[in-house]
Amino acid sequence: MAFACLGCMDITAAYSDVNTVTIKPVWPEGYEDLARAGVKVSVHNILNGGASSVRTDSEGKATVNLPNGLYMLSLSDRKGINIFNGTADKVTVSGDMEVTLPLERSEGGTILIKEIYVGGCSMAPKEGTYQTDKYVILHNNIDETVYLDSLCFGTASPYNSTSANPWTSRDEDGNTVFKPFVPIIQAVWQIGGDGKTFPLKPGGDAVICINGAIDHTVNVPLSVNLNNPDYFVCYNNGPNNFPNTSYHPAPGDKIRKDHILSLVIKTGTANAYAFSMSSPVVVIFKAKGTTIQKFVAPSGGSSRSENVIQIPGSTNDYVVTVPTGWILDGVEVFDGRSTSNTKRLMPSIDAGFVYQSNVFKGHTLFRKTDEEASAEAGFEVLQDTNNSTNDFYERETQSLHK
């Protein structure tokens, strides 16, 4: 409770090891004049899950009193189309200190991830649990029609937020340094089309079924019906691809053949598409200046593309190194049952995270609606700060559950 009240009371009396931490945001070149008072900096205690915030002063710095511990500090700000995000991950506080917080500029997305349902549900009234009904919903967040043609879908390495991350390092100031790519693991899936085949109107949604595009409620009432002609599905049951029918049954009778996503490349050895139930990174992207097929194709007599690389320390697992500039949207999910979560997405994609508290509860992660913007636009506009801590919440039932 003392931690939750940071900024509203002096907690020195509650702790003998309280330290003064000064947070100095570093704005991108050309945007230094945005350093000002009143910008919110979020503070998360990694070890106990506590959270609070503090505002910058007239010098553009924020000062907070923190007990010894391990913290994540993040800042999100928006001016016009420009979004600024910065994250200092796993900051060890054991004395008075100053933490620099480099900010990265990005822009609000056109196609956003609206919902992530991956945690499964109960099989009640039967005994047991169920997890082969995962889906993601995408949303057109602008006032003109966009096209889903050639859009790619995937998940990042490592699969779980509690795993060691081999793709990051630390600079001399202790800041997390990310690679200039997102390591897409296991597979890259792509929507087809000729460029104008799959329109998505302003405020429109598109469902991607990660597992079976069937009516799961027939046997599991708390699940969802994914047998819908408007839905897309990740499905390729070839013998060297994903033949496991428990996870990938044949699509339902209402699923259109052109809504079955193309398996661009498989980089792992599993017989079912591996996707974390507790803490995935979900990303959507489009290739720029080339096609995703050319990007992953072997060249120069090699058996593997230079853009498909081995995971450090692994013997047979590979990732596709998707450039960060190709990412349309990405969401970082943390396991709410753990205190050992680690960031995998850089701040320009997602400066924060959204907790999933548990699995097999039918819970889903859902993006907030910007009510004011929606009223002005005349269609649903979702909140978009490129910081899922601000933009998402955990809801108790899937939006597709009837």
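1. Strands β8 (104–107), β9 (111–117) and β25 (327–335) each give at least two residues to the lining of the second largest pocket, and β25 has the largest share, with four. Helices (H or I, at least four residues) and strands (E, at least two) are DSSP runs, numbered from the N terminus. A pocket, on a 1 Å grid over the protein atoms alone, is an open set of points where a 1.4 Å probe fits, with protein on both sides within 12 Å along at least five of seven lines; a cavity is a set from which that probe cannot get out, and lining residues have an atom within 4 Å of a point.

2. A word on the source: this is a predicted model, in which local features need pLDDT of at least 70 and side-chain atom pairs count only at pLDDT 80 or more, while totals for chains, interfaces and linings use all residues. Residues are numbered from 1 along each chain as its sequence is written, and side-chain values use heavy atoms, with hydrogens and water left out.

3. Staying with the second largest pocket, its space comes to about 370 Å³. A volume here is the space filled by probe spheres set on the grid points, which are joined across faces, edges and corners. Ser 106, Glu 107, Thr 324, Gly 325 and Ile 327 are the closest to the centre among its 19 lining residues. By class, the lining has six nonpolar, nine polar and four charged residues (nonpolar: Ala, Val, Leu, Ile, Met, Phe, Trp, Tyr, Cys and Pro; charged: Asp, Glu, Lys and Arg; polar: the others, Gly among them).

4. Leaving aside neighbours within four places in sequence, Ser 348 is in contact (heavy atoms within 4.5 Å) with Glu 104, Arg 105, Ser 106 and Asn 386. Why does Ser 348 count as buried? Its relative accessibility is 17%, and buried means under 20% relative accessible area, exposed over 50%, partly exposed in between (1.4 Å probe, protein chains only).

5. Now for the largest pocket, which holds about 500 Å³ of space. Of its 19 lining residues, Arg 78, Asn 141, Ile 142, Ala 373 and Val 381 are the closest to the centre. Which helix gives the most to this lining? Helix α2 (residues 371–377) does, with three residues. The lining divides into seven nonpolar, five polar and seven charged residues.

6. There are also three cavities of 30 Å³ or more. The largest cavity has about 80 Å³ of space and 13 lining residues, with Trp 167, Phe 178, Phe 181, Pro 183 and Arg 344 nearest its centre. Strand β17 (residues 181–190) supplies the largest share of that lining, three residues. Its classes are eight nonpolar, three polar and two charged.

7. Among the residues lining it are His 44, Met 72, Phe 334, Ser 338 and Tyr 355. The lining divides into five nonpolar, five polar and no charged residues.

8. Gly 128 is in the loop between β10 (121–122) and β11 (129–130). Is this glycine buried or partly exposed? Gly 128 is partly exposed, with a relative accessible area of 40%. Beyond four places in sequence, Gly 128 touches Ser 122 and Met 123. Its C-alpha atom is separated by 9.4 Å from that of Phe 360, 232 residues apart along the chain.

9. Last, the chain as a whole. The chain has three helices and 28 strands, and 52% of its 402 residues count as buried. Among contacts between residues at least 6 apart in sequence, 74% join residues at least 24 apart.
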